Amino acid sequence: MKITASLTLVLLFVGSLAAANEIPTIGKIGEPVEVAAGFKFTEGPASDGQGNLYFTDIPENKIHKLTAEGQVEVFTDESGHANGLMFNAAGELLACEMDGQLVAWNIETKQRRVVADQYNGKRFNACNDLVVDSAGGVYFTDPSFRAPDPWPQGKLAVYYVDRNGKVARLIDDLPNPNGVILSPDEKTLYVIPTGQAEMMAYPVESPGKIGAGKVFCKLQQKPGEQGRGGDGLAVDTKGNLYITSGLGLQVFNPQGELLGIIALPQQPANVTFTGEKNNVLAATCRTAVYTVETEATGHVFPGE
C-alpha cells in the first residue's frame with residue numbers, strides 16, 4: 001500500500017469554500033491512498049463484507065480481488081467484459097457483463113450462472129451498473145458502451161429482474177443511463193445518465209415498479225465543459241450520495257444539495273464503501289484503485 005502525501009482534498013461548495021479536509025454534515029475526509037495500480041480501466045468495486053474488494057478491468061476482460069491483506073488476485077480472466085459488481089443475499093457476486101448479460105458468480109467454486117440475458121427475445125446492449133434490493137431483485141442499466149451497432153434492444157434503458165428471473169423495462173428515455181443505486185430506505189431509485197448533467201430520481205412504489213422521475217441534482221462541470229454526466233456512485237447510511245465525475249466524487253445530501261467534491265489523482269469511474277467499519281470509500285480510477293477514509297458509514301445493501 002502506497003500513500004501519496006502530496007495529494008490534497010479539494011472541496012467545492014456552492015457559494016463558499018470550506019476546510020480542505022472536511023465536508024459539512026459528514027465530517028473529516030482522509031487523503032486518497034493508492035491500493036492497487038497497473039490496470040487498463042478499472043470499474044465496479046464491490047466489498048464482500050469480509051475485508052476483500054472485487055473490481056473489474058474492462059479492457060482486460062478480468063475481475064480482480066484485492067484481499068484484506070492488500071494482495072491483488074485475478075478472480076477470472078473471462079469476465080464477459082464485466083463492469084458493475086455487487087453481492088446478493090446468497091453471497092454470489094453479481095456482474096454486469098458488457099457482452100450483454102447479468103450473471104452471478106459463486107465465489108468459492110467460480111461457477112457462473114446467467115441471471116438475465118435478454119428482453120423481448122433480444123440480448124441486452126451492454127449491461128453496465130446494478131443495485132440489489134431487499135426483495136431479491138436487481139435494477140441494472142443498459143447503455144450503449146461496447147454495445148453492437150445497431151443496439152440489440154434499440155433503446156438505452158434501465159431494467160429490473162426479480163428473484164424469479166422476470167425482466168421488466170422501467171426507463172427508456174435517458175441518454176446512456178449509467179450509474180444506479182437505491183436510497184437506504186429503498187423508496188428512491190437514483191439513475192445517472194452519462195449524456196446529461198442532471199441526475200434523476202424515481203419513487204419506488206414497489207419492487208420493480210417506479211413512478212415518474214424528476215431531476216435530483218445537476219453535476220458540477222469542469223471549466224469549459226457542459227452537459228457531462230456521472231458514472232457510478234455510493235450512498236451512506238444518511239442517504240448522502242457520492243457520485244463519480246470528471247471533478248472527482250461529488251457529494252450530495254438527500255435533498256440534492258452539493259456538500260463538497262473529493263478530488264482524486266485520476267478521474268473515478270465508480271465507488272463503494274468498504275473497510276472494517278464500512279467507512280472507507282474505494283474508488284476505481286482508470287488505471288488504479290484508491291481509498292479515502294471518511295467519518296461516514298456506507299449503507300449496506302442485501303448481500304454486502
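**Close-up views of a sheet and an aromatic cluster**

**View 1. Strands β5, β6, β7 and β8 form an open, antiparallel sheet of 4 strands in the order β5-β6-β7-β8.** The edges are held by β5 (42–47) and β8 (72–76); each has a single partner strand, so one side of each lacks a neighbour in the sheet. From one strand to the next, the twist averages 30°. Strands are DSSP runs (E, at least two residues) numbered from the N terminus, and two of them pair if DSSP finds at least two bridges between them. The model is predicted: local features need pLDDT of at least 70, side-chain atom pairs count only at pLDDT 80 or more, and totals for chains, interfaces and linings use all residues. Residues are numbered from 1 along each chain as its sequence is written, and side-chain values use heavy atoms, with hydrogens and water left out.

**View 2. Strand β5 is joined to β6 (residues 53–57) by 4 bridges.** The two strands run antiparallel. Ala46 has Tyr54 of β6 as its bridge partner.

**View 3. Tyr54 and Phe75 form an edge-to-face aromatic pair.** Rings of Phe, Tyr and Trp (its six-membered ring) pair if their centres lie within 6.5 Å; planes under 30 degrees apart count as stacked, over 60 as edge-to-face and the rest as tilted. Here the separation is 5.7 Å centre to centre, with 85° between the planes. The pair links distant parts of the chain, with Tyr54 in strand β6 and Phe75 in strand β8, 21 residues apart. Both residues are buried (under 20% relative accessible area, 1.4 Å probe, protein chains only).

**View 4. Ring pairs link Tyr54, Phe75, Phe87 and Trp105 into a cluster.** The count of aromatic pairs in the model comes to 11.

Conventions:
Axes fitted to C-alpha atoms, helices over the stretch in contact; angles between N-to-C directions. Buried < 20%, exposed > 50% of the residue type's maximum accessible area, 1.4 Å probe, protein only.
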